Amino acid sequence: MFSFQYYTPTSVIFGRHTEGRVGELVQKTGCKKVLIHYGSGSVIRSGLLKRIQEALDEKGISYVMLGGVVPNPRLSLVYEGIDLCKKEQVDFILAVGGGSVIDSSKAIGYGMTNAGDVWDFYEHTRQADACLPIGVVLTIAASGSEMSNSSVITKDQGMVKRGYNHDVCRPVFAVMNPELTMTLPAYQTACGCTDILMHTMERYFTNGGNMELTDVLAEGLMRTVMKHARILRDDPDNYDSRAEVMWAGSLSHNGLTGCGSDGGDFATHGLEHEIGGMFDVAHGAGLAAIWGSWARYVRRDCLDRFYRFAVQVMGVVDAGTDTDAKDAVALKGIEAMEDFYRSIQMPTSLTELGISPTDEQLQTMAHMCSVAAGGVKGSAKKLEEKDMLQIYRMAVQSC
Ligand code: NZQ
Ligand code: ZN
């Protein structure tokens, strides 16, 4: 077990009708002018945006609005948001949406409190000192951004997708009403469940410091998400399953399922960010498409963890302790996970994801992934650029 710091300052307001409390929650912060930031229209169609405006009006809180955030949120809108917030003297950002809206809000928050170009943080050439306070009304269980220290932005020019982590961007509050996620298309619900699973799997497949309690929490979370993802596939209005998945989404990425480990692997995320940048695909689907190839490529370097995952999470029968027997079990665990992805209509290859990258494009992605990682990425196996390229090549067709 490694030493760790667990920091989760976000106040969670969970349950039906909780979005009605947003005026009171902003008022408590003492902030005077709010930017309501949202996406491409779902919150208008569902009537949520109107309810949020009413909740702020009720408390006499003034606000300006900026919509138009797209999945893989763009830097150009972040700049627009910073200009608007400066002009309007905004001191609080209310993100009404999913990970893309929250991440765009965090980037605007950095731009409002630090001089210079906000993109520097995403290129890791300097660190932020502060961020405007962020509140969230969550509409999709997926990214965990409502409690995480992370934001991921795509620079329009060249479609370069980069993440930046800093505790100052963790939201002040997150309003989570599972009912709000019932308007999601089935595909987005499945993408969200995949991302939630991956945030714990990235922390689980490591070669250092694993704690028994953290492992049991992680395994319970993964089993719970898979169970309720299947229920939601057949019964999308099931409130209890929406609630289980929504809470799992936050716990999966607020640090809880990595306490005591070496910080996690996160290579699958690194590989996906290049796919998302180049082909603008949904993040969760991109993860599902690459994970099986990553897992097959690295499993022998992290065999005990893959074996444990197969037995404890995927229900593969324990089949002996010599290396070959363990490897056979590990492989069955990987196959069972891919079967799960297929059961919720998630892709298990780049072809199934709907993209056909050329080998030159695969090489470019491998190069950019290694540059973004500072050379080497991963804990289950430390991946260099050549390993990344191998995984991309394996992922073109499903196994
Ligand atoms: O834009 P609108 O019209 O709202 O539509 C969105 C969008 O098309 C729609 N949607 C959201 N809530 C809805 C809804 N449609 C109907 N009803 C609702 N209730 O769903 C689509 C996807 O939304 P998005 O916010 O992009 O999804 P998600 O939460 O999966 O966020 C993905 C982004 O988060 C990043 C990803 O890379 C990606 O850019 N990530 C952020 C992380 C973080 N900050 O901690 C960690 C993750 O690993 C991830 O990298
Ligand atoms: Zn993710």
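Why is helix H10 largely enclosed by the rest of the structure? The answer is in the burial count, since 11 of the 13 residues of H10 are buried, so the rest of the structure largely encloses this helix; buried here stands for under 20% relative accessible area, with exposed over 50% and partly exposed in between, using a 1.4 Å probe and protein chains only.

Before I go on, a word on conventions: this is a predicted model, in which local features need pLDDT of at least 70 and side-chain atom pairs count only at pLDDT 80 or more, while totals for chains, interfaces and linings use all residues. Residues are numbered from 1 along each chain as its sequence is written, chains are lettered from A and ligands numbered from 1 in the order in which they are written, and side-chain values use heavy atoms, with hydrogens and water left out.

Helices (H or I, at least four residues) and strands (E, at least two) are DSSP runs, numbered from the N terminus. Helix H10 covers residues 267-279, and its 18 Å from first C-alpha to last is close to the 18 Å expected at 1.5 Å a residue, where the expected span is 1.5 Å times one less than the number of residues. Among its buried residues are His269, Glu272, His273 and Glu274, and just after H10 comes Asp280, with a positive phi of about 55°.

Let me turn to the sheet. It is open, has 6 strands in the order E1-E8-E5-E4-E2-E3, and its pairing is parallel; two strands count as paired if DSSP finds at least two bridges between them. At the edges are E1 (11-14) and E3 (62-66), each pairing on one side only, and the twist averages 20° from one strand to the next.

Strand E5, residues 134-138, has 5 of its 5 residues buried, with Ile134, Val136 and Leu138 on one side and Gly135 and Val137 on the other. E5 is joined to E4 by 5 bridges, with Ile93 partnering Ile134, and to E8 by 4 bridges, where Leu138 has Met176 as its bridge partner. Helix H5 (residues 99-113) packs on this sheet, touching E2, E4 and E5, and its direction makes about 165° with that of E4; such axes are lines fitted to C-alpha atoms, for helices over the stretch in contact, and angles run from 0 to 180 degrees between N-to-C directions.

Next, the nonpolar cores, meaning sets of buried Ala, Val, Leu, Ile, Met, Phe, Trp, Tyr and Cys residues joined through side-chain atoms within 4.5 Å. The largest has 99 residues, and those with the most contacts inside it include Met201, Trp294 and Met337; helix H11 (residues 283-298) gives the largest share, 9 residues. Leaving aside neighbours within four places in sequence, Trp294 is in contact (heavy atoms within 4.5 Å) with residues including Ala267, Thr268 and Leu271, which are also among the buried residues of H10. A second, separate core of 22 residues includes Val26 and Val175.

Finally, helices H7 (residues 186-204) and H13 (residues 323-343) pack at about 160°, their axes 12 Å apart. That makes H7 roughly antiparallel to H13, given that angles under 35 degrees count as roughly parallel, over 145 as roughly antiparallel, 65 to 115 as roughly perpendicular and the rest as oblique. Where they meet, Thr194, Leu197, Met198 and Met201 of H7 face Met337, Phe340 and Tyr341 of H13.
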